[in-house]
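Please look over the chain below before reading on. The report takes the sheet, then the domains.

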Amino acid sequence: MTTSTSPALAIAATGLRKAYGNNTVLDGIDLAVPEGTIFSMLGPNGAGKTTAVKILSTLISADAGDLRVGGHDLAADPQSVRAMIGVTGQFSAVDGLITGEENMLLMVDLHHLPRREGHRATAELLERFDLTEAARKPAVTYSGGMKRRLDLAMTLVGSPRVIFLDEPTTGLDPRSRHNMWGIIRELVSDGVTVFLTTQYLEEADQLADHIAVLHEGKIAARGTADELKRLVPGGHVRLRFSDPATYEAAILALGQVTRDDEALSLQIPSDGSQRELRSILDRLDSAAIEADVLTLHTPDLDDVFFALTGSTVRPAEQPADQPADQSAARPADQPKETVR
Ligand SMILES: Nc1ncnc2c1ncn2[C@@H]1O[C@H](COP(=O)(O)OP(=O)(O)OP(=O)(O)O)[C@@H](O)[C@H]1O
């Protein structure tokens, strides 16, 4: 490879800049994605994720920046980049009027694969994406999840080494989303590099080796999910009361608390350890106080996202005003706080 960057980087960008008129979408960002890893670019609507994907996949050009994919310079050698990448965008490439198999064979022709090899690859991919049964049906009859799987299968026809997935699970139900996550993990186990954009923080948490949070044209933070979680203040226990007198009694019993008199809720800093929880419960018990709801909150990517972007809009599927006790659907160690 003829690069000044490490050959172990599948994607390397320095000073990537793009503006539409006065709107500077990408303000000189740097990216370094090692081969065989999943990199996730997170950002609220309009942050510039799709713009970054379009630039790195040669669909549009950058205003400035040294950009390399697979060691190839995007400006000097876009053809070599195109030969090694696959892109699955928010807008599906699937043609609904023809069958899944025919859609695949169109990709075979686009990649100029020999017919026999193309048929073999098509059969293998349809099998791998659980589409063999539906292969002879028009794609218009497929569910959203099936269409998304077909779209990804079509992207894989040319055996790309770098895959750009632009919000691959937006609009999918939880089961289809989990299926898609499994497929994406499998891709990487084959050595493929995945550049994933998402608005779902959980998706980045589940999949990404490295995450970058895009905000106002800059990378507001980057690192592993755990590293990012360490950037925000620690966990806490939250107690909620319906009776104002009990609420006041709890404040007296507990001492150092952050109070929210309107919501009748108290927040106590906590590392989430058993010892600390017991101490809080003991103090409540000895004053014969019972909270209506107790939740333990450990920082998650939502906190990071809100802290970094100052966004007031929850980026995932829930509206921001969802009552806190609906957080029961989340794993016990990560209750979702919706009131802050
Ligand atoms: N062709 C264009 N001409 C002018 N402005 C554009 C164009 N494409 C994108 N933009 C603007 O660039 C900004 C970033 O858009 P982009 O689609 O990259 O964001 P995104 O992070 O992918 O958002 P979403 O999550 O909503 O898809 C937005 O302000 C958008 O309006």
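What follows describes a sheet, its helix and a domain contact in a predicted model.

## The sheet

Four strands make up an open sheet. Their order is β2-β1-β4-β5, and they pair antiparallel. The edges are β2 (23-34) and β5 (72-73). Each of these pairs on one side only.

Strand β4 covers residues 64-69 and runs antiparallel to β5. The two are joined by 2 bridges.

## Two domains

The protein chain is divided in two: domain 1 runs over 9-229 and domain 2 over 236-329. Their C-alpha centres lie 38 Å apart. Domain 1 puts 15 residues into the contact, and domain 2 puts in 12 residues.

## The domain 1 side of the contact

Which elements give two or more residues to the side of domain 1 that touches domain 2? They are two helices and two strands: α7 (201-207) and α8 (225-229), with β9 (210-215) and β10 (218-223). Helix α7 gives the most, with 4 residues.

By class, this side of domain 1 has 10 nonpolar residues. Alongside them are 2 polar and 3 charged residues.

Key. Residues are numbered from 1 along each chain as its sequence is written. This is a predicted model: local features need pLDDT of at least 70, side-chain atom pairs count only at pLDDT 80 or more; totals for chains, interfaces and linings use all residues. Two strands pair if DSSP finds at least two bridges between them. Domain bounds come from an automatic or database domain assignment. Two residues are in contact if their C-beta atoms, placed from the backbone, lie within 7 Å. Ala, Val, Leu, Ile, Met, Phe, Trp, Tyr, Cys and Pro count as nonpolar, Asp, Glu, Lys and Arg as charged, and the others, Gly among them, as polar.
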